[in-house]
Amino acid sequence: MTLTVTNTLGRREEVFRPWSPPLVTMYVCGPTVYDYVHIGHAKTFVAFDGIKRYLSLLGYSVYHVQNITDIDDKIIKRASERGVSWREVADSYAQDYLESLSKLNIRVDLHPRVTSHINEIIDFIGKLVEKGYAYVASSGSVYFDVDAYPDYGRLSGNFNKALWDQGEGVVSEKRHPYDFALWKAAKPGEPWWESPWGRGRPGWHIECSVMSSRYLGSRIDIHGGGSDLIFPHHENERAQSESLFGSPWVKYWLHTGMLTIRGEKMSKSLGNIVSLRDAINEWGPNVIRMWVLTSHYRGSLEYSEQSLGQAKKLVERLRDIASDIVKRLSKEEYVNYMKAADVDELFKLRSLYLNWHAAMQRDFNMGEAAGSVWALTSEYYKYIASSESRALIAFTYKVLVDFNRVYAVLDDIFEGAPMAPIASLEDQLIDLLVEVRSQLRKNRMYDLADYIRSRLASYGVTLVDKGEETTWKRAG
């Protein structure tokens, strides 16, 4: 199988061939920390974490950089509204962002912050001025001359100069109304840094060009972010970076689709923003991960009770199955023969496993791949759970482990569990308590039996009685 990805530049599917395999360099645009990160951010961050994890499963070594924009007009405005320093605003919301990533089991190799890279930003801008791609205005602001970069508009497909609105307003000191700021001259009451052009601060787009190239080099394999960043942010990043480094700067531009609520795009103007912390509190991080990673990263995703409920159901099934498998492998003996029905089931699992990979290798089609995950859970309850074949159970374990290397919702269950895991002391003690409780029930000592159930529940262990047999599971 060959991995293909859909490159936003050119809108075509391409075979994935990184610059220097097995290394893959990946830069994803992080948040501007002026407010709590929301569920729309999570869609992008989780999706790219899933992409990174799948590439790692294929044997690539992915180095992932994701920035934190800690100086920006929005941060300054929020600080003014609250009567606090801009740094206090940035630090507070940056902490919320980092804590949210940790809860979602997202691991980023480096989180560079803009204000730690002012010198590098000034140096980058200076080189663009020297090469004639940027100019210094009378105010001391520095602008990128869009007309000096002939390939402008190809990433977004936006070639109409009348539509090249940079969101900065028409400023008379610009050569063209669509030129964008690399360095903004200081305004009264705003934070500033010294530069060759006077006191000021960086523009938005230059930050990502500087930090990505500083840590990943002048050629990057994957540059990602939400589709709302294609224009003007990524278009401008590409223009200023290729003006300095040459083309191509990025080999594969990947973008996530939008998040919707009741069919509408999530936005502050509509008042339908859901903070990530609230979503995690309501659904749990595992459900949020699975919800994102069972939809195509490029497609839109609806935030709804129904879609999240489906993700929750899948997480619960996977966790129950994983717990059962780990316990069974710790007890069942190895045999060197499989019954015909077990062999048939083994080949069904192999087919599911290969179908999952085939979907993932078609542009990380996580929505299609999820069908194989659901099918595995069905096969487990239909046949594997009652099979006495340790070999079949062990192969199911292997498939689940590989699935989990992307979904990362079973880490606590699989932690330290090899192919033939030995039950932990904790598991053995729980088994012992379940045995004791069964004896108490047989002797009609129901108060004590209920007490054991209640205490185990307080530790996150749920007992399930089926007649005289009792099984247990950890809360997911």
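This is a predicted model: local features need pLDDT of at least 70, side-chain atom pairs count only at pLDDT 80 or more; totals for chains, interfaces and linings use all residues.

Reader: What geometry does the pair of Tyr54 and Trp356 have?

Author: Edge-to-face. The ring centres are 5.7 Å apart, with 80° between the planes.

Reader: Which parts does that pair tie together?

Author: Two helices. Tyr54 is in helix H1 (residues 39-57) and Trp356 is in helix H10 (residues 340-360), so the pair ties together parts 302 residues apart in sequence.

Reader: How many aromatic pairs are there in the whole structure?

Author: The search finds 22. Another of them is Phe144 with Phe180, which is stacked. Its centres are 5.1 Å apart and its planes 20° apart.

Reader: Where do Phe144 and Phe180 sit?

Author: Phe144 is in strand S6 (residues 142-144), and Phe180 is in strand S7 (residues 180-185). They are 36 residues apart, and the pair links distant parts of the chain. Phe144 has 0% relative accessibility, so it counts as buried. Phe180 is buried as well, with a relative accessible area of 0%.

Reader: Which residues do ring pairs link into a cluster?

Author: Tyr54, Tyr297, Trp356, Phe364, Phe403 and Tyr407.

Reader: On to packing. How many residues are in the largest nonpolar core?

Author: It has 132. The residues with the most contacts inside it are Ile39, Tyr303, Trp356, Phe364 and Tyr407. Trp356, Phe364 and Tyr407 also belong to the ring cluster.

Reader: What is Ile39 in contact with, leaving aside neighbours within four places in sequence?

Author: Leu259, Met266, Val274, Ser275, Leu276, Ala279, Ile288, Trp291 and Tyr303. There is also a second, separate core of nine residues. Among its members are Val434, Leu440, Leu456 and Leu463.

Reader: Let's do a helix. What span should H4 have?

Author: Helix H4 covers residues 118-130, which is 13 residues. At 1.5 Å a residue it should span 18 Å, and its end C-alpha atoms are 18 Å apart, so the two agree.

Reader: Which residues of H4 are buried?

Author: Ile118, Ile121, Ile122, Phe124, Ile125, Gly126 and Leu128.

Reader: Why would residues three or four places apart point the same way?

Author: An α-helix has 3.6 residues a turn, so residues at that spacing point the same way.

Reader: What covers the buried residues of H4?

Author: The cover includes strand S5 (134-136), S6, S7 and strand S8 (200-202). It also includes helix H5 (204-216) and helix H6 (230-245). Just after H4, Gly132 takes a positive phi of about 85°.

Reader: What is the accessible surface of the chain?

Author: About 21,600 Å², with 50% of that belonging to carbon and sulfur atoms. As for contacts between residues at least 6 apart in sequence, 75% join residues at least 24 apart.

Conventions:
Residues are numbered from 1 along each chain as its sequence is written. Side-chain values use heavy atoms; hydrogens and water are left out. Rings of Phe, Tyr and Trp (its six-membered ring) pair if their centres lie within 6.5 Å; planes under 30 degrees apart count as stacked, over 60 as edge-to-face and the rest as tilted. Helices (H or I, at least four residues) and strands (E, at least two) are DSSP runs, numbered from the N terminus. Buried means under 20% relative accessible area, exposed over 50%, partly exposed in between (1.4 Å probe, protein chains only). A nonpolar core is a set of buried Ala, Val, Leu, Ile, Met, Phe, Trp, Tyr and Cys residues joined through side-chain atoms within 4.5 Å. Contact means heavy atoms within 4.5 Å. The expected span of a helix is 1.5 Å times one less than its number of residues. Accessible areas come from the Shrake-Rupley method with a 1.4 Å probe; for residues, only the protein chains shown count as cover.
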